[in-house]
Amino acid sequence: MMKPIAAIIFKDIVIELRSKESISSMLMFGILVLVIFMFAFESSTVERAVIAPGTLWVAFSFAAILGLNRSLAMEIDNDCIQGLLLAPLGRGELYLGKVASNFAFMMIAELMMLPVFVILNNLTFNLQFLEITAIAALGTLGMAAIGTILSTISSNTRMKEVMLPILQIPLTVPVVIASVEATSQILNSDNPQISTWLSILAGFSIVYLVLSYLVFEFAVEE
């Protein structure tokens, strides 16, 4: 099972290294969102650390949508998806490979956004950001799990660039809320209590991954 998944991941990495479309677009869009929020709240009396988690996850969420839009679009172009469907691999393996590559690209972009986030919000680099990175990894897994199948569904519609945000934003609200609350606890509390939020985050990520794995065959065949 691992060989087909590894082959799909390798294929996506090679394509991304040649085009550099997904990571660069996610990175630039995410940084743009962070800069806009910085200027929007510059004159506000609210402490930066209070609003910082929300701005960070807005940037992560919308950048993820931008990257996921390209996930299946490049397979649909020139009917490359037909070659994958005819290849000797299961539909579930195709789904897991796409989730893994999407997750990797999204995490790379997010890790490059984090230093910009720290600088713009006058925060300090410390061990807190290792914890935020772990939260980001769990939240990103949930967004990649549901986003991959939604990208598959929306890629077969005429307005695929519009359909993916319409489908994904409502479904990822629990993941984003849990991520924001956990990040806020890390930044604003001396004794953060994030176990409940991490449980919610892990629960939704697992449910999205399992359900999407089970129904991906029907989505991709359509």
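I took helices (H or I, at least four residues) and strands (E, at least two) as DSSP runs, numbered from the N terminus. The model is predicted, so I asked pLDDT of at least 70 for local features and 80 or more for side-chain atom pairs, while totals for chains, interfaces and linings use all residues. I number residues from 1 along each chain as its sequence is written, and side-chain values use heavy atoms, with hydrogens and water left out.

**Overall fold**

I counted eight helices and zero strands in the protein chain. From the N terminus on, the order reads α-α-α-α-α-α-α-α.

I checked the radius of gyration, taken over C-alpha atoms, against the globule rule of 2.2 Å times the number of residues to the power 0.38. For 222 residues a compact globule would come near 17 Å; the protein chain has 18 Å, which agrees. The C-alpha atoms fill a box of roughly 55 × 35 × 30 Å along the principal axes.

I next looked at contacts, meaning heavy atoms within 4.5 Å. Among those between residues at least 6 apart in sequence, 80% join residues at least 24 apart.

**Surface**

I used Shrake-Rupley accessible areas with a 1.4 Å probe; for residues, only the protein chains shown count as cover. The protein chain exposes about 11200 Å², and 69% of that belongs to carbon and sulfur atoms. I call a residue buried under 20% relative accessible area, exposed over 50%, and partly exposed in between. Of the 222 residues, 43% count as buried.

**Helix 7: S179**

I found S179 in helix 7, residues 160–188. Is S179 buried or exposed? S179 is buried, because its relative accessible area is 0%. Beyond its neighbours within four places in sequence, S179 touches W57, I135, G139 and L201.

V220 sits in helix 8. V220 counts as buried because its relative accessibility is 9%. Which residues does V220 contact, leaving aside its neighbours within four places in sequence? I listed I81, L85, R91 and T152. R91 is 129 residues from V220 in sequence, yet their C-alpha atoms are 8.0 Å apart.

V210 is also in helix 8, which covers residues 195–221. At 43% relative accessible area, V210 is partly exposed.

Conventions. Buried < 20%, exposed > 50% of the residue type's maximum accessible area, 1.4 Å probe, protein only.
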